[in-house]
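User: Please take a close look at one part of this model, the salt bridges, and explain how they relate to the strands and helices around them.

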Amino acid sequence: MTRYPKKGKGHGWTAVELKGIAADWRGDTLSDGEGLSGEVRVGASGDVAIRWKYAFRWEGKVVWYQAGTWPTVSLQQVRERRDAARLQVRDGVNPNTKKLSDRIEVNRQSEAIIAADAEKRVADRTVCDMFDVWIRAKRSPQRLQREMQPLCD
């Protein structure tokens, strides 16, 4: 069942109205207008959440852009994400593809930072550290401690 705000079809939901949604609305669709709709979900603890998505046409098909889940993401942020997605569609960019490419870029940057840190740690390693690693691979922990004590002091 599709539900509309108290003001009626064509008007947006308010945060107060969303807080008043009962758990028995589970599975219902909320229409916020301008292509934005939300699915009412209820957690195991009875907490109500709304998963908002924006519908747009891409290559002749209806495609959904996930705009966020209320109350984790505010209704204002959900609408801002919808508006940004609408602008991307207008400019010929699929917002889902853009979101994926942004994630890939963030992962690449993180991997570069981790690799640089690992290189720095290897470069900062002392002869004693490398010897310690070699000994651990060849000796028992007790023997290692006896042999390494004079070398590392």
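Analyst: In this predicted model, the side chains of Asp-32 and Arg-79 meet in a salt bridge, with 2.8 Å from N to O. Because Asp-32 belongs to strand S2 and Arg-79 to helix H2, the pair ties together parts that are 47 residues apart in sequence. Asp-32 is buried, at a relative accessible area of 7%, whereas Arg-79 counts as partly exposed, at 23% relative accessibility.

A second salt bridge joins Arg-86 to Glu-34, and here the closest N and O atoms are 2.8 Å apart. Arg-86 lies in helix H2 and Glu-34 in the loop between S2 and S3, so this pair ties together parts that are 52 residues apart in sequence. Arg-86 is partly exposed at 30% relative accessibility, while Glu-34 is exposed, with a relative accessible area of 55%. Glu-34 and Arg-86 also belong to a network of salt bridges that links them with Arg-82 and Asp-83.

Strand S2, residues 29-33, pairs with S1 in the parallel sense over two bridges, and Leu-30 in S2 stands opposite Arg-3.

A search of the whole structure finds eight salt bridges. Among them is the one in which the side chains of Asp-91 and Arg-90 meet at 3.5 Å, N to O, and both of these residues are exposed.

Terms used. Residues are numbered from 1 along each chain as its sequence is written. This is a predicted model: local features need pLDDT of at least 70, side-chain atom pairs count only at pLDDT 80 or more; totals for chains, interfaces and linings use all residues. Side-chain values use heavy atoms; hydrogens and water are left out. Two strands pair if DSSP finds at least two bridges between them. Helices (H or I, at least four residues) and strands (E, at least two) are DSSP runs, numbered from the N terminus. A salt bridge is a side-chain nitrogen of Lys or Arg within 4 Å of a carboxyl oxygen of Asp or Glu. Buried means under 20% relative accessible area, exposed over 50%, partly exposed in between (1.4 Å probe, protein chains only).
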